[in-house]
Amino acid sequence: MEKNQDMLLEQQRLLSCLEIIRENIREYEEKEAVSKKEVTQLFQAVKKGEGDSFGLLEAEKNILEHIQNSLRKNRAALNKAYFGRIDYDDESYGVTESRYIGKNGVTRNSNEVMIVDWRAPVSSVYYENELGKGSYEVPGSEPVNIRLFKKRTYDLQGEKLLGFYDNDTAASDELLVKYLSQHKEAVLGDIIATIQKEQNEIIRATPYKNMIVQGVAGSGKTTVALHRISYILYNYEEVYKPSEFCIVGSSDMLLNYISSGLPELDVNHVRQMRMDVFLPYLMEKSWKKKFSIIEEDTKACKKSRLDFVYALECFLKKWIEKHLNLQDIRDRELGVILSQENMQDTRSRNPELSLFQLEKLLNQRTRQRIQFLCTEKEEGFRKEKQKAYRNYFCSSKNKWTEIQIYRTFLEELEQAGDETHKFEGGYKETIAHVEKGQMDLYDTAALCLIRKRIFLKKETDEFSQIILDEAQDFGETVYYVLRQVLPRCYFTIMGDVSQNIRYETGLNDWEDLKKILLRDDRDSFYLLAKSYRNTIEISQYAGRVLEKASLGNYKIQPVIRHGNPVCVQMQQRKDIGKQLKALLENIQQKGFETIAVICRDEKDTETVRKVLQTEQEEGFHNGIMVLPVTLTKGLEFDAVVLWQPDTLRYEMNVKEAKLLYVAITRALHELYLLGENEQTELLKSRS
Ligand SMILES: Nc1ncnc2c1ncn2[C@@H]1O[C@H](COP(=O)(O)OP(=O)(O)OP(=O)(O)O)[C@@H](O)[C@H]1O
C-alpha cells in the first residue's frame with residue numbers, strides 16, 4: 001500500500017520535473033536563436049574588418065556553445081531525468097535534504113537545483129554511503145557530515161517510471177545486469193547510473209595525485225578514466241582547462257573509440273595523442289620533419305627497461321660534468337667573481353635544470369656579481385668586464401644535437417657495456433637507423449631525456465593531467481621519461497599486465513612503474529577485479545587463458561550475467577569462408593550492433609577481408625569489423641568470432657596466452673570459435 005502511494009508520488013514528481021525540463025528547453029531554444037543571429041552578424045562584421053568585432057565574435061561563440069550545451073543536457077534529461085535519490089540530514093548545516101541525482105544537472109529559473117549532477121560532491125553519497133552516519137568530501141573545503149536515511153534507485157524511460165528500489169543492493173545488481181545485457185552502439189557508453197563503489201573511488205580521487213589502476217579486462221578502466229576527466233573538469237573548473245588534459249594511447253582505433261564517449265560525458269576539447277606522436281610532440285622543434293618513427297628494433301627489449309634509462313642518466317651526468325666548467329672564475333682586476341663553491345651550490349639547488357638552463361643562470365649570476373664588484377668603478381670599465389664574461393658558460397657553441405649525444409652513448413654501450421655490465425653491446429642496428437633519423441619509441445624517449453637534461457630552455461606547461469590507457473603497451477623507459485619531461489603533470493595510468501601483447505617491451509608487472517610514479521603519499525595503486533563486460537560463459541573461457549597469461553596473479557570476478565555457451569566450431573571443413581559468412585549472417589539476424597572477426601595477425605586479417613569483401617577499418621563503427629587482435633585492445637563488440645584459434649596460430653606460451661586473452665575478452669554477449677584445425681592448447685581446461 002505504502003509502495004503504491006510512493007509510486008504515485010514518484011510518478012507525479014517525475015512529470016513535474018519533465019515539465020521544468022521542457023520549459024528550460026523552450027527557453028534555451030530561444031536564447032540559441034538569438035545567439036546564432038548575433039554570431040552571424042559579428043561574423044559579417046569581422047569579414048568587413050570592423051573595430052574589435054573579432055573579440056566580440058569569439059565571446060559570442062562561447063556563449064552560444066554554453067547555451068547549446070545546456071540545451072543538449074536538458075534534451076538528454078527528457079529521456080532519463082534521473083536515476084537516484086538520497087534523503088539525508090545534513091548534520092553540518094542542520095537541515096534535511098532530498099536530492100534527485102541525474103546524468104545532467106537541471107535547474108529551475110537557472111538557480112533552483114531540481115536534479116543534481118552526478119559529479120556534484122553530494123552525489124558521492126549515492127555511490128558510496130550505506131544508510132546511517134557518513135560524510136562526503138567537497139573539493140577545497142571541509143567534509144560535510146550527514147545521516148542518510150533513504151537511498152533510492154529508479155528505472156525510468158522517458159515519462160514512464162518502470163520501478164524503483166530502496167537501498168537494496170540485490171535490486172541494484174539487477175539493474176546493473178539489465179544495463180550490461182544491452183547491445184552496444186559503436187560508442188563507449190556511460191555508466192553513470194551504475195558506477196560501483198571501487199570505481200567511484202577512482203573517479204572522485206583528488207586530481208593532485210598520480211595513480212596506477214590495474215584492472216582485469218572489462219573492469220571499466222577506460223570508462224572510469226573518462227568519467228574521472230568529466231568529474232575533475234566539473235569540480236575543478238577554476239583550476240583546469242580541458243585542453244590541459246591529454247589522453248595517450250597506442251593506436252588511433254583506441255583513441256577514436258575513447259573519444260566517441262567524451263561528448264556524452266560533457267567533456268569537450270580534451271587532447272588525445274598516440275604515444276608515438278606524443279613523445280615527438282614534447283620535443284617541440286628538436287624533432288625534425290625528416291625524423292620518423294619506426295617499429296621497435298631488436299634492442300627495444302633492453303631500451304624499454306629502467307636499467308637502460310638509468311645508464312643514460314649516468315652518461316648524461318658525466319657529460320654535463322665534463323662540459324660544465326665549475327672552477328673559480330677569477331679576474332685579474334676583480335679577483336674571484338664566482339667561487340666554485342658558490343656555483344656548486346647553485347647547481348645542487350636546481351637539480352631540475354638542463355645544462356643550458358643552468359649555464360644561463362650562472363651567466364646571470366656572473367653579471368650580477370660583476371655589477372656588485374664594480375660599484376665603485378667607472379661605467380665603461382664595468383661594461384667592458386660584463387662583455388668579457390657575458391657568455392662565460394656557453395656549451396651551446398658546441399652545436400651538439402640530441403642524436404649526436406645519443407649516438408655517443410650507444411657507442412659507449414656497444415664498446416664497453418656500462419659500468420653495471422648489464423648491456424652486452426649489439427647496438428649497431430640502433431645506431432644505424434638513428435643516424436638516418438629513424439627512431440623507435442624507446443629511442444624517441446631517450447632523445448626526449450637528452451633534450452631535457454642538456455638542451456631544454458623552457459619547460460612546457462601545456463599539459464596538467466596525462467591519462468594513459470592500455471598502459472601495459474609501453475615499457476618503463478617511456479614513463480620514466482614522461483615523468484622527467486612533465487614534472488608538473490599528474491598521471492592517471494590504466495592498464496592490465498595480463499593483456500601485455502608486446503611481451504618483450506611492454507609491462508609484465510607494475511613494480512618498476514610504482515617506483516617511478518608513486519612517490520608521494522597521496523599517490524596510489526588501485527585494483528579492479530570485477531569484470532562487467534563478458535557473460536559468465538565468456539569469462540570462464542577467458543579464465544582458462546588468463547591462468548596462463550598472468551600466472552594466476554590477477555583473477556577475474558565476473559558480474560553474474562548469463563548468456564549462450566561459447567560456440568566452438570573447430571573441425572576440418574571444405575569451405576571455411578562460406579561457413580564464416582553464414583555464421584555472421586546468423587549473428588546479425590540476432591540484432592547485434594557490433595560484431596568483430598578477430599584474427600591472429602595481419603595476414604589472416606587480409607584473408608578474411610577478401611572473403612568478406614570488406615575494406616581496411618578506418619575507425620570504430622557499427623556492423624562487422626575484421627581486425628588483427630593487436631588492434632582490438634581496449635575495444636568491445638556484442639559478438640566476436642575468433643578466426644582459427646588453433647595450435648599453429650596460438651602456441652602454448654605466455655605471450656600467445658596474453659594475445660588470446662585480449663581476443664576472447666572483447667566479446668560482450670557471444671563468442672564463436674571458428675577454425676579448421678585442432679584448437680590451441682591454451683583454450684583447453686586443465687580438467
Ligand atoms: N559500473 C558499471 N556499470 C555498467 N557497465 C559497466 C560498469 N563498469 C564497466 N562497465 C561496462 O563494462 C565494459 C568494459 O568497460 P571498459 O572498456 O571501460 O573496460 P576496460 O577495463 O578498459 O577493458 P579492457 O582492459 O578490456 O580494455 C563496458 O561496456 C562498460 O560500459
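Two helices, α4 (169–180) and α6 (221–235), each contribute at least two residues to the shell around the ligand. Helices here are DSSP runs of H or I with at least four residues, strands are E runs of at least two, and both are numbered from the N terminus. Before going further, please keep in mind that this is a predicted model: local features need pLDDT of at least 70, side-chain atom pairs count only at pLDDT 80 or more, and totals for chains, interfaces and linings use all residues. Residue numbers start from 1 along each chain, following its sequence as written.

Let's stay with the ligand. Its surroundings comprise 24 residues, with T194, G220, K221, T223 and Y532 the closest; a residue is near a molecule if its C-beta atom, placed from the backbone, lies within 6 Å of it. Sorted by class, the shell holds 13 polar, 7 nonpolar and 4 charged residues. In this scheme Ala, Val, Leu, Ile, Met, Phe, Trp, Tyr, Cys and Pro are nonpolar, Asp, Glu, Lys and Arg are charged, and the others, Gly among them, are polar.

The UniProt record (an unreviewed entry) gives the feature "binding site" at G215, V216, A217, G218, S219, G220, K221 and T222. Its positions are in the numbering used here, feature names are shortened, and annotations may be inferred rather than shown by experiment.

Two of these positions deserve a visit. G220 sits in the loop between β8 (211–215) and α6. G220 is buried because 26 other C-beta atoms lie within 10 Å; the cut-offs are 20 or more for buried, 12 or fewer for exposed, and partly exposed in between, with C-beta atoms placed from the backbone. Leaving out residues up to four places away in sequence, G220 touches I191, Q199, G215, L528 and Y532, where contact means C-beta atoms, placed from the backbone, within 7 Å. T222 belongs to helix α6, and T222 is also buried, with 24 other C-beta atoms within 10 Å.

Now turn to E284, in the loop between α8 (275–282) and β11 (292–293). E284 counts as partly exposed because it has 13 C-beta neighbours inside 10 Å. From E284 to A311 is 27 residues in sequence and 25 Å in space, C-alpha to C-alpha.

Finally, step back to the whole chain. Its secondary structure amounts to 22 helices and 24 strands, and its C-alpha atoms fill a box of roughly 100 × 70 × 60 Å along the principal axes. Of the 687 residues in the chain, 39% are buried. Among contacts between residues at least 6 apart in sequence, 75% join residues at least 24 apart.

Terms used. Two residues are in contact if their C-beta atoms, placed from the backbone, lie within 7 Å.
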